[in-house]
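Here is my note on the model you sent over.

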Amino acid sequence: MKRIDLSEFLKSTQIDGVIVLDEQGTIIEESGMPKKNSVGAMLAVINQMIVEFTEEIDMGFSKKIIIKSEEGLFIIVRI
């Protein structure tokens, strides 16, 4: 898989932050993320819950999670 420069990714997509985690929530790389350690842990929990939920109801493996709030979107993509 091609490695991307997160700073350039932020500029080209006009998003506020990006975080790359492993399945346990350990931060591999981040840019522009406030409170990155707690965010990483929370994202790992959310991801695991969604994976278990979609498997439990026979929807298969979840690939993308979109969380919409009053302030914007947060997208989790499994790669």
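1. A word on contacts before we start: two residues are in contact when they have heavy atoms within 4.5 Å of each other. With that in mind, look at Met-33, which touches Gly-17, Val-18, Ile-19, Val-39 and Phe-74, leaving out residues up to four places away in sequence.

2. Please keep in mind that this is a predicted model, where local features need pLDDT of at least 70, side-chain atom pairs count only at pLDDT 80 or more, and totals for chains, interfaces and linings use all residues. Residues are numbered from 1 along each chain as its sequence is written, and side-chain values use heavy atoms, with hydrogens and water left out.

3. Now the overall layout. The chain has 2 helices and 4 strands, and from the N terminus on the elements run α-β-β-α-β-β. Helices (H or I, at least four residues) and strands (E, at least two) are DSSP runs, numbered from the N terminus. The C-alpha trace spans about 40 × 30 × 25 Å along its principal axes. Among contacts between residues at least 6 apart in sequence, 17% join residues at least 24 apart.

4. How much of the chain is buried? Buried residues make up 22% of the 79 residues. Here buried means under 20% relative accessible area, exposed means over 50%, and partly exposed is in between (1.4 Å probe, protein chains only). The accessible surface of the chain comes to about 6400 Å², of which 56% belongs to carbon and sulfur atoms. Accessible areas come from the Shrake-Rupley method with a 1.4 Å probe, and for residues only the protein chains shown count as cover.

5. Back to Met-33, which is found in the loop between strand 2 and helix 2. Met-33 counts as buried because its relative accessibility is 14%.

6. Is Phe-74 buried or partly exposed? Its relative accessibility is 30%, so Phe-74 counts as partly exposed. Beyond its neighbours within four places in sequence, Phe-74 is in contact with Met-33, Leu-43, Ile-65, Ile-66 and Ile-67. Phe-74 and Val-18 are 56 residues apart in sequence and 9.6 Å apart in space, C-alpha to C-alpha.

7. Ile-66, Leu-73, Ile-75 and Val-77 make a nonpolar surface patch of about 390 Å². Strand 4 (residues 72-77) gives the most to this patch, with 3 residues. Like charges are joined within 9 Å, and nonpolar side chains (Val, Leu, Ile, Met, Phe, Trp, Tyr) within 5 Å.

8. Val-77, a patch member, sits in strand 4. Val-77 counts as partly exposed because its relative accessibility is 46%. Leaving aside neighbours within four places in sequence, Val-77 is in contact with Lys-63 and Lys-64. The C-alpha atoms of Val-77 and Ile-65, 12 residues apart in sequence, are 6.5 Å apart in space.

9. Next, the largest pocket, which holds about 1300 Å³ of space. Its lining has 35 residues, and Val-18, Ile-19, Val-20, Ile-75 and Val-77 lie nearest its centre. Which element gives the most to the lining? Strand 4 does, with 6 residues. On a 1 Å grid over the protein atoms alone, a pocket is an open set of points where a 1.4 Å probe fits, with protein on both sides within 12 Å along at least five of seven lines; lining residues have an atom within 4 Å of a point. Grid points are joined across faces, edges and corners, and the volume is the space filled by probe spheres set on the points.

10. Finally, Thr-54 lies in helix 2 (residues 36-56). Thr-54 counts as buried because its relative accessibility is 9%. Its contacts, not counting residues up to four places away in sequence, are Met-59, Gly-60, Phe-61 and Ser-62.

How values were computed: Patches are made of residues with over 30% relative accessible area and no salt bridge: like charges are joined within 9 Å, nonpolar side chains (Val, Leu, Ile, Met, Phe, Trp, Tyr) within 5 Å. A salt bridge is a side-chain nitrogen of Lys or Arg within 4 Å of a carboxyl oxygen of Asp or Glu.
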